[in-house]
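Here is a briefing on charged side chains. Look over the sequence and the model first.

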Amino acid sequence: MSHAGELTEFMAQTFEEAFRLHAAGQLAEAEQEYRVLLELDADHAAALHYLGILMHQDGRHDEALASLQQAAVLAPQQADWCNDQGNVLFACRRYGEAVAAYRQALALRPDDAQFWNNCGAALREQGQHAEAIQALLRALELAPQLAPAMLQLAALYEQTGERMQASRYQCQAYVLPPHEGKSPEMLAISYYFLGQVDEAAQVCRQWLADEPANPVARHMLDAYAGAPVTSASQDYVARRFDDYADNFDHNLVGNLEYRGPQILARLLEGAMGPARAAGDILDVGCGTGLCAPVLAPRARRLDGVDLSANMLRHARERGSYHHLAQVEASDWMEGQGGQYDLIAACDVVIYCGGLERFFAAARHALRDGGYFFFTAETAEVDDDIAGQGYFLHPSGRFRHRRDYLERGLRAAGFHVAIMQEESLRVEMQQPVPGLVVLAGV
């Protein structure tokens, strides 16, 4: 072998050893090998490039960029190297230069989804949201399951106030495999949000197989599968709201734009006049006590009942209630004949299907001349496949037909004073159809 051939073979072996050491994290040893190569050939583009990567990893960013740029001049057709240079510039927060490097990479390889994703990230950091969104959408055209692009789009749409789009991309990323280690409840919710209810039901089937005693898994499987359920189990309600209690007010009011207390205040003032402490009031399903500020000024005595111990702990901290009990609402009302002037049940019947017993118990607990206020989510006739006046929606909440509520109230001895359409919350950034009802005796 000629001297030139021996030198070429030595340099190839040296680069191979340098790269191996580099990949193994032995940076000092790898750098020594890269520099041996550069002593032999100052224009060894690969040694310059990977030495630049190494120096960046070692925190010597200016030296790194100089080495990377020199390599790029020597080998301008290396798309991956342009991308690497962009990544180093991005890490150094030199976003404009990073965009230029990514665009150079894309000029060489325009169908690389990762390059588009990286360019979108740099554009986003520059505040060029429209251009970033276009780059990330292009990345997803090329690689429809590229989770980083989905998550970046979610963040961008959240920044621009398009929360529906943000949620859609968050859910798309979450349902990507692997599913191991992910919350089955969040997987099911994500599928539901994406309109894939059958997939949500399948997740719950597996969840229930893994946790046969879990009431949330059971209830949500019924909801997604469209089972003919007559009521949510007490175990489900207690478990669900014990889990929710610590963040309940923020999530319900802040994220779901819940307006139950405001609507309650408006209807009571219209029917009963300004607030004054003149009656005994029961707050059914009182939760954390969100309605207490509306009810307490009207109450000579304010009682609250709920199935969730954790919710009641928060309600107790408000200091507005005379008595709080962890009990099923109908059980309590059936033992309180003629004890109340007003019963309020915000967001209660959405966890009940058949309401005959609940309405009768409320009438039994009210004095003559009393009022019964409650809120419901509404079903259309076409939704009520079983024809029973209500159904369990995939949200996990029951929806009731207006005519079913009217018949049930009359049968229990109420007259309907007010029944009007109101949306109390949003879901998937859309108002949930609802009714508010004020009935008298």
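Predicted model: local features only at pLDDT ≥ 70, side-chain atom pairs only at ≥ 80, totals over all residues.

A search of the whole structure finds 30 salt bridges.

**A pair within one helix**
- Arg20 and Glu17 form a salt bridge, with their closest N and O atoms 2.7 Å apart.
- Both residues sit in helix α1 (residues 3–23), 3 residues apart, so about one helical turn separates them.
- Arg20 is partly exposed, at 44% relative accessible area.
- Glu17 is also partly exposed, at 30%.

**A pair joining a loop to helix α5**
- Arg109 and Asp80 meet through their side chains in a salt bridge of 3.0 Å, N to O.
- Arg109 is in the loop between α6 (95–108) and α7 (113–125), while Asp80 is in helix α5 (residues 79–91), so the pair ties together parts 29 residues apart in sequence.
- Arg109 has a relative accessible area of 29% and counts as partly exposed.
- Asp80 is partly exposed too, with 36% relative accessibility.

**A pair joining helix α20 to a loop**
- The side chains of Arg357 and Glu328 make a salt bridge at 3.9 Å, N to O.
- Arg357 belongs to helix α20 (residues 356–365), and Glu328 to the loop between β3 (323–326) and α19 (329–334), so this bridge ties together parts that are 29 residues apart in sequence.
- Arg357 is partly exposed, with a relative accessible area of 42%.
- Glu328 is buried, because its relative accessible area is 18% and the cut-off for buried is under 20%.

- Salt bridges with shared partners link Asp347, Glu377, Arg397, Arg399, Arg425 and Glu427 into one network.

- At 74% relative accessible area, Asp382 is exposed.

- Glu31 is located in helix α2 (residues 27–40).
- Its relative accessibility is 14%, so Glu31 counts as buried.
- Leaving aside residues up to four places away in sequence, Glu31 touches Leu51, Leu54 and Arg60.

Conventions: Residues numbered from 1 in each chain as written. Heavy atoms only, no water. Buried < 20%, exposed > 50% of the residue type's maximum accessible area, 1.4 Å probe, protein only. Helix = DSSP H or I, 4+ residues; strand = E, 2+ residues; numbered from the N terminus. Contact = heavy atoms within 4.5 Å. Salt bridge = Lys/Arg side-chain N within 4 Å of Asp/Glu carboxyl O.
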